[in-house]
Amino acid sequence: MAYWLFKSEANTWSWEQQVAKGDAGEEWDGVRNYQARNHMRTMKIGDRGFFYLSQKDKKIVGIIEVCAESHPDSSTEDARWDCVDIKAVAPLPTPVTLQMCKDDERLKDMVLVNNTRLSVQPVSDAEWQIICALGGYSE
């Protein structure tokens, strides 16, 4: 299993909206960055990810799971863009902020800490464990 981080703005797509989609999940559409798209093309069903609220909040609030592998993004007719579908798994009992990640020396190499603009990014196994522990989440 691989781990990921998906960034959203709460006023565009909130954690509550993601949860409301249930097990059917929702397309993670609208991504127009080649690196982020390429990450989605490698994802497999069952991969897990963090749901991160960018902009004002800047915090990881939940755990998601990939429920459909890469397919054409239905929000565009441009064949260059793909997306995956994700479903909510659980909220983080304690949200983990960007500042908490930056302050934790163990996360100094995390993509989120070094490239806050990338909307879909990989998370290492060690980073996954650290953030789950900081957020009070255990699988």
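Residues 24 or more positions apart supply 69% of the chain's contacts with a separation of 6 or more, a contact being heavy atoms within 4.5 Å. This is a predicted model: local features need pLDDT of at least 70, side-chain atom pairs count only at pLDDT 80 or more, and totals for chains, interfaces and linings use all residues. Numbering starts from 1 along each chain as its sequence is written, and side-chain values use heavy atoms, with hydrogens and water left out.

**Fold and dimensions**
- The chain has five helices and six strands; helices (H or I, at least four residues) and strands (E, at least two) are DSSP runs, numbered from the N terminus.
- Their order from the N terminus is β-α-β-α-β-β-β-α-α-β-α.
- The radius of gyration is 14 Å, close to the 14 Å of the globule rule for 139 residues, so the chain is as compact as a globular protein of that length.
- That radius is taken over C-alpha atoms, and the rule is 2.2 Å times the number of residues to the power 0.38.
- Along the principal axes, the C-alpha atoms fill a box of roughly 40 × 30 × 30 Å.

**Burial and surface**
- Of the 139 residues, 47% are buried, meaning under 20% relative accessible area (1.4 Å probe, protein chains only).
- The chain exposes about 7,100 Å², and carbon and sulfur atoms supply 47% of that area.

**Around S54**
- S54 sits in the loop between strand 3 (48–53) and strand 4 (59–72).
- Its relative accessible area is 12%, so S54 is buried.
- Beyond its neighbours within four places in sequence, S54 contacts K7, S8 and E9.

Key. Buried < 20%, exposed > 50% of the residue type's maximum accessible area, 1.4 Å probe, protein only. Areas by Shrake-Rupley, 256 points an atom, 1.4 Å probe, with all protein chains shown as cover.
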